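Open the model in a viewer and keep the selection tool at hand. The stops below go from one residue to the next, then out to the whole chain.

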Amino acid sequence: MDTLWSNLVKGLQEGAVVAADKAGDLTRIARARLDIAATKNQIQRTQTELGARVHELLTAGSDLAADTRVQALCNHLTAQGDELLAAETAYADLQSELQSRDDADAELEDI
């Protein structure tokens, strides 16, 4: 009876460790996806602000290329695009890392 109880406790402890690891992995994935969504939202807001400024200048008959605010918003959009690319790359790397770890775990279980 003692061995059965020990095996049960050991199995529950191992299961808790695996569950904690999976929860950590899901948290990392969710954070990476949240970063992508937040960056996309920032890009959309900057594009909206740029569009409003361009409309304002066009109705006033002003030169768009000479406006410092238009230039600053364009530069900001470029930087945000780079941020988005970095966030998407980090997400893809994380997915690849987790997939390779899952594959390695599956191979160990088959042994």
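Two residues are in contact here when heavy atoms of theirs lie within 4.5 Å. The model is a predicted one, and residue numbers start from 1 along the chain.

**Stop 1: D67**

Select D67, which sits in the loop between α1 (2–60) and α2 (68–110). Is D67 buried or exposed? With a relative accessible area of 12%, D67 is buried, because the cut-off for buried is under 20%. Now show what surrounds D67. Apart from neighbours within four places in sequence, D67 is in contact with R53 and L57. Display the side chains of D67 and R53: a polar contact of 2.6 Å joins them.

**Stop 2: L57**

Move to L57, the other contact partner of D67 named above. L57 belongs to helix α1 and counts as buried, at 7% relative accessibility. Which residues is L57 in contact with, leaving aside its neighbours within four places in sequence? They are S62, L64, D67 and V70.

**Stop 3: T46**

Next select T46, also placed in helix α1. T46 is buried, and its relative accessible area is 6%. Beyond the neighbours within four places in sequence, T46 has contacts with L73, H76, L77 and Q80. One of these, Q80, is joined to T46 by a polar contact of 3.0 Å between the side chains.

**Stop 4: E107**

Go to E107 in helix α2. Is E107 buried or exposed? E107 counts as exposed, with 56% relative accessibility, because the cut-off for exposed is over 50%. E107 and T89 are 18 residues apart along the chain, and their C-alpha atoms are separated by 27 Å.

**Stop 5: the whole chain**

How many helices and strands does the protein have? Its secondary structure comes to two helices and zero strands. The protein is more spread out than a compact globule, because its radius of gyration is 25 Å, well over the 13 Å that the globule rule gives for 111 residues. Along the principal axes, the C-alpha atoms fill a box of roughly 90 × 25 × 15 Å.

Switch to a surface. The protein exposes about 8300 Å², and carbon and sulfur atoms supply 57% of that area. Of the 111 residues, 16% count as buried; D67, L57 and T46 are among the buried ones.

Taking contacts between residues at least 6 apart in sequence, 69% join residues at least 24 apart.

Finally, colour by charge. There are 10 positive and 20 negative side chains in the protein. How far apart do the centres of the two sets lie? The separation is 7 Å.

Technical notes:
Predicted model: local features only at pLDDT ≥ 70, side-chain atom pairs only at ≥ 80, totals over all residues. Heavy atoms only, no water. Helix = DSSP H or I, 4+ residues; strand = E, 2+ residues; numbered from the N terminus. Buried < 20%, exposed > 50% of the residue type's maximum accessible area, 1.4 Å probe, protein only. Polar contact = N/O pair within 3.5 Å; in protein donor to acceptor, adjacent residues only side chain to side chain. Rg over C-alpha atoms; globule rule 2.2 N^0.38 Å. Areas by Shrake-Rupley, 256 points an atom, 1.4 Å probe, with all protein chains shown as cover. Lys, Arg positive; Asp, Glu negative; His and termini not counted. Charge placed at Lys NZ, Arg CZ, Asp CG, Glu CD.
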